[in-house]
Amino acid sequence: MLLGLPIAGLLTMTCCSTVPDGPPTLKGVYKKDFLIGVAVNQKQYSGEDARGNPIIKANFNSISPENILKWESVHPRPDTYLFEGPDQYVKFGEANHMLIVGHTLVWHYQTPSWVFQGTNGQPVDRETLLRRMHDHIQTVVGRYKGRIKVWDVVNEALNDDGTLRQSPWMKIIGEDYIAKAFQYAHEADPEAVLRYNDYALEKESKRKGAIALLKKLQAQGVPVTAIGLQGHCNLISPSVAQEDAAIAALAKLKLQVMVTELDIDCSRGGQRNTSADIAANAQAQRGNLSAESLSDVLQQQLARRYSDLFGVFLKHKDVVKLVTFWGVTDADSWRARGNPLLFDRHGQPKPAFDAVIRAAGR
Ligand code: G3I
């Protein structure tokens, strides 16, 4: 079963998985295992990206919006929702028979400061912030009810040590902001798969925190149905054993497991951390590799890493329902200098692409 539907049922949404006798595609070779997704940007869902769009249509059967559904993009001012981009994004997914993901409802980042402010510039009170959260979720999830099938409801609520991040949500509302966000999303679309999404869950301390949080939510009857492992990796970390242990531990929660933002940073600075934090990434990328291309040695290392990680995903294909890459080509990536994806900046498949195809074993 995939997303509550038999896998065959969901995959009928994703027509033309393989062109008969054509070159193998990602969605084609993994069609019996899990869906293969990709984060798309404005040029891609509007159809303007001549380099990226053929790659997307050939290889992916799910999309995530890299930025357009973040609070600051879709709801920049109290009375202003901007739905032109999100509408285009959803139409693009429908026209291409893809599983459409929504990212992200409640996050400490890319949320305008007015959300947390009262009229006098002081932090807003709990009830007002809950009402703002409710109205935002009701409006955004409600608009795409039945069309966006999976939502990242709460994003990155944990610190690396497994404690809850002291975000404005947490400070103003308290710990139950997480339960409330899931309840509001469920109210707005009772059929949607609702994810908790975070990075570095391969680290034991953070994973323990996530498991404790999710068990608590489940015990309270909160409608969380999936966990997203972002998967911002580098050439060393997480190890295959760590990835394997993370998925195995999370699988015990009986939630669907999804790899939501996969990329592998090849830059020298990128080997020091696997944080998804923008500032840490900018620091890691400084003074790095040429953005142009990878040496043959690094190409081979990257190919091996992707192949190893896909081996782990396949091992857990009973719980892993979706593997999403965080960008189409290296030129699109938030870690562009790390050349982290399967297609280079000219849209050519890298050795890592062939390795992922071969890892499917068919
Ligand atoms: O759209 C504005 C543009 O108008 C402005 O001129 C330009 C100047 O900086 O900024 C543009 O916005 C940027 C936006 O990406 C769109 O390109 C933001 O500055 C930039 O911070 C933003 O970065 C995104 C980041 O999340 C923060 O939202 C990345 O593209 C995106 O890949 C990254 O994705 C996150 C996931 O959502 C959550 N997990 C971690 C992951 C990586 O950080």
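Q: Two residues are in contact when heavy atoms lie within 4.5 Å. By that rule, which residues of α7 meet which residues of α9?
A: On the α7 side they are Arg126, Leu130, Met133, His134, Ile137, Gln138, Val141 and Gly142, and on the α9 side Tyr177, Lys180, Ala181, Tyr184, Ala185, Glu187 and Ala188. Sorted by class, the contact of α7 with α9 has nine nonpolar, three polar and three charged residues. Nonpolar here covers Ala, Val, Leu, Ile, Met, Phe, Trp, Tyr, Cys and Pro, charged covers Asp, Glu, Lys and Arg, and the others, Gly among them, are polar.

Q: What kind of model is this, and how are its residues numbered and its side chains treated?
A: This is a predicted model, in which local features need pLDDT of at least 70 and side-chain atom pairs count only at pLDDT 80 or more, while totals for chains, interfaces and linings use all residues. Numbering runs from 1 along each chain as its sequence is written, and side-chain values use heavy atoms, with hydrogens and water left out.

Q: How do α7 and α9 pass each other?
A: Helix α7 (residues 126-143) and helix α9 (residues 177-188) have axes that come within 9 Å and cross at roughly 35°. Helices (H or I, at least four residues) and strands (E, at least two) are DSSP runs, numbered from the N terminus. Axes are lines fitted to C-alpha atoms, for helices over the stretch in contact, and angles run from 0 to 180 degrees between N-to-C directions. The crossing of α7 past α9 is right-handed. A crossing has that name if the near helix is turned clockwise from the far one by less than a right angle, and is left-handed if anticlockwise.

Q: Why is α13 called roughly parallel to α14?
A: The axes of α13 (residues 296-315) and α14 (residues 351-359) come within 8 Å and cross at roughly 25°. Angles under 35 degrees count as roughly parallel, over 145 as roughly antiparallel, 65 to 115 as roughly perpendicular and the rest as oblique. Therefore α13 is roughly parallel to α14.

Q: Which residues make the contact of α13 with α14?
A: α13 supplies Gln299, Gln300, Leu302, Ala303, Tyr306, Ser307, Phe310 and Leu314, and α14 supplies Pro351, Ala352, Ala355, Val356 and Ala359. By class, this contact of α13 with α14 has 10 nonpolar, three polar and no charged residues. α13 passes α14 in a right-handed crossing.

Q: What makes Arg345 count as buried?
A: Its relative accessibility is 13%, and buried means under 20% relative accessible area, exposed over 50%, and partly exposed in between (1.4 Å probe, protein chains only). Arg345 therefore counts as buried. Arg345 lies in the loop between β9 (320-325) and α14.

Q: How do you know that Arg345 and Asn339 are joined by a polar contact?
A: Their side chains are joined at 3.2 Å. A polar contact is a pair of N or O atoms within 3.5 Å; within protein, one must be able to donate a hydrogen and the other to accept it, and residues adjacent in sequence count only if both atoms are side-chain atoms. Asn339 lies in the loop between β9 and α14, and at 2% relative accessibility Asn339 counts as buried.

Q: What is noted about the phi of Asn339 and of His97?
A: Phi is near 40° in Asn339, a positive value in a residue other than glycine. His97 also has a positive phi, of about 55°, and is not a glycine. Most residues other than glycine have a negative phi. His97 is in the loop between α6 (84-95) and β3.

Q: Why is His97 called partly exposed?
A: The relative accessible area of His97 is 37%, so His97 is partly exposed.

Q: Where does the backbone hold a cis peptide bond?
A: The bond from His103 to Thr104 is cis, with omega near 5°, and the bond from Ser237 to Pro238 is cis, with omega near -5°. Thr104 is in strand β3 (residues 99-106). Pro238 is in the loop between β7 (232-234) and α11 (240-251).

Q: Why is Thr104 called buried, and what does its side chain reach?
A: The relative accessible area of Thr104 is 2%, so Thr104 is buried. The side chain of Thr104 reaches the backbone oxygen of Asp152 at 3.3 Å.

Q: What makes Glu156 count as buried?
A: Glu156 has 7% relative accessibility and so counts as buried. A polar contact of 2.9 Å joins the side chains of Glu156 and Gln230.
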